[in-house]
Amino acid sequence: MCLLHELLPMDMTVGCILLIVAAVCAVVQVLRFIFADADFTLLWAASFGLKPESTLRGRVVWITGASSGIGEELAYQLAQIGAQLVLSARRENELERVKRECLGRSRLHEEDILVLPLDLLDRKSHEAKTAAVFQHFGKIDVLINNGGRSQRSLCLETDVEVYEALMELNFLGTVSITKTVLPYMVKRGTGTVTSVSSVVGIAGAPLATGYSASKHALQGFFNSLRVELAEYPGITISTILPGPVQSQIVQNAFTESLHKSVWQAGDQQHKMATSRCVRLILCGLANRVKEMWIGQQPFLLFFYVWQYTPTLAWFMTGILGKKRIQNFKAGLDADSAYFTKPKAP
Ligand SMILES: NC(=O)c1ccc[n+]([C@@H]2O[C@H](COP(=O)([O-])OP(=O)(O)OC[C@H]3O[C@@H](n4cnc5c(N)ncnc54)[C@H](OP(=O)(O)O)[C@@H]3O)[C@@H](O)[C@H]2O)c1
């Protein structure tokens with residue numbers, strides 16, 4: 001610095017210092033982005049914001065799709081925090097298994113966890129299911145719309161009934177549950193409705209035309225609902241957009257026709273650990289983050305590029321999309337070639 005001062009006039013020295021500081025800041029930001037696994041708002045909330053342990057303890061949280069994957073892990077982490085839980089999905093035996101595991105991992109009692117089998121497609125039942133939750137707990141603080149199914153099929157080969165089923169489940173099923181719970185939250189003036197969308201809720205990906213459409217529909221619905229509820233500041237509407245996460249999502253995905261299963265899901269180990277995804281979700285909920293982008297690179301880059309530079313995104317998707325289809329046809333996980341080393345679960 002002294003050498004700089006001797007060699008350069010004062011204003012040039014200040015300029016140099018500012019340039020160096022700016023360059024260091026830029027390098028730090030680039031490094032942070034390379035190693036980030038969520039958008040910067042969510043990462044900030046996770047590091048410096050309110051902790052889920054202080055805001056979610058004692059809350060009544062209703063999780064749909066709680067029998068496996070992200071919903072199951074949500075149940076475990078929320079139980080450990082001390083939230084009271086309503087576990088819903090179609091498979092009651094799996095929900096009972098998750099409940100037992102929750103009780104084993106936490107200080108919750110039998111009556112703190114309600115197993116409530118629910119089919120998102122059976123919309124006529126949703127009013128009664130909501131009433132059952134109120135009968136048991138007297139309130140719902142947080143609704144996590146997580147239940148859903150993905151898709152692995154090319155548009156040209158897919159029956160239109162598959163598109164109908166994806167919209168019925170991922171979009172209308174979620175809207176239906178939300179509509180039964182929301183009036184109570186509005187009456188109380190407080191509550192959180194959060195919905196698990198996807199990276200393809202804002203981007204597009206081959207093999208997922210119907211899935212992506214259903215998640216785009218969710219984004220549109222909840223973004224509009226949030227504005228509609230602006231006069232209720234105690235109500236939070238948030239959407240969660242994960243990239244690939246370890247779960248049963250590929251095994252359970254829709255294919256070309258309604259009654260055909262995915263023939264080979266491929267290895268899922270390279271995807272983000274479910275526990276990390278769920279921890280970030282809970283941090284987002286604790287801090288009332290409205291939209292959470294969760295994904296390891298290159299998916300996080302994908303979010304930013306789709307949001308801010310769509311022309312570049314279409315170019316990138318054109319290249320990566322071909323690889324995705326090749327992987328799928330080879331029986332690999334569709335996203336596996338973007339990674340080299342498997343990640344620990
Ligand atoms: N894993 C990922 O890479 C990823 C990425 C982005 C977004 N997501 C989203 O994350 C959410 C959870 O998926 P996941 O990855 O955890 O997959 P998963 O392991 O397959 O879990 C899906 C859950 O949805 C439930 N479900 C399916 N159909 C249902 C129905 N008709 N009624 C009620 N529940 C139903 C399943 O339970 P039952 O079979 O017992 O009903 C299961 O509990 C989904 O909305 C998915 O779109 C996942």
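A residue is called buried if 20 or more other C-beta atoms lie within 10 Å of its own, exposed if 12 or fewer, and partly exposed in between, with C-beta atoms placed from the backbone. Everything below comes from a predicted model, in which local features need pLDDT of at least 70, side-chain atom pairs count only at pLDDT 80 or more, and totals for chains, interfaces and linings use all residues. Residues are numbered from 1 along each chain as its sequence is written. Helices (H or I, at least four residues) and strands (E, at least two) are DSSP runs, numbered from the N terminus.

**View 1. Arg288, a residue with positive phi in the loop between H10 and S7.**
Let us start with the backbone of Arg288, whose phi is near 55°, a positive value in a residue other than glycine. Arg288 sits in the loop between H10 and S7.

**View 2. Leu207, a buried residue with positive phi.**
Leu207 is also not a glycine, and its phi is near 75°, a positive value. Look for Leu207 in the loop between strand S5 (191–196) and helix H9 (209–228). Here 24 other C-beta atoms lie within 10 Å, so Leu207 is buried.

**View 3. The crossing of H3 and H10.**
Helix H3 (residues 40–48) and helix H10 (residues 274–286) have axes that come within 9 Å and cross at roughly 85°. The axes are lines fitted to C-alpha atoms, for helices over the stretch in contact, and angles run from 0 to 180 degrees between N-to-C directions. H3 and H10 are therefore roughly perpendicular to each other (angles under 35 degrees count as roughly parallel, over 145 as roughly antiparallel, 65 to 115 as roughly perpendicular and the rest as oblique). Leu42, Ala45 and Ala46 in H3 meet Leu280, Cys283 and Gly284 in H10; two residues are in contact if their C-beta atoms, placed from the backbone, lie within 7 Å. The residues of this contact comprise 5 nonpolar, 1 polar and no charged (Ala, Val, Leu, Ile, Met, Phe, Trp, Tyr, Cys and Pro count as nonpolar, Asp, Glu, Lys and Arg as charged, and the others, Gly among them, as polar).

**View 4. The two sides of H3.**
In H3, the buried residues are Leu42, Ala45 and Ala46. They cover an arc of only 95° around the axis, which puts them on the same side of H3; the arc is that of the directions from the helix axis to the C-beta atoms. These buried residues pack against H10 and S7. Exposed Ser47 and Phe48 are carried on the face of H3 turned away from its buried side.

Gln297 and Pro298 are joined by a cis peptide bond, with omega about 10°. Pro298 belongs to the loop between S7 and H11. Within helix H11 (residues 299–308), Phe299, Leu300, Phe302 and Phe303 are buried. Seen down the axis of H11, these buried residues fall within an arc of 155°, so they line one face of the helix. Strand S7 (291–294) is included in what covers them.

**View 5. The shell around the ligand.**
Which residues come nearest to the ligand? Gly65, Gly69, Arg90, Gly148 and Ser247 do, of the 31 residues around the ligand (a residue is near a molecule or strand if its C-beta atom, placed from the backbone, lies within 6 Å of it). Helix H5 (residues 69–81) gives the largest share of the shell, 3 residues. By class, the shell has 12 nonpolar, 14 polar and 5 charged residues.
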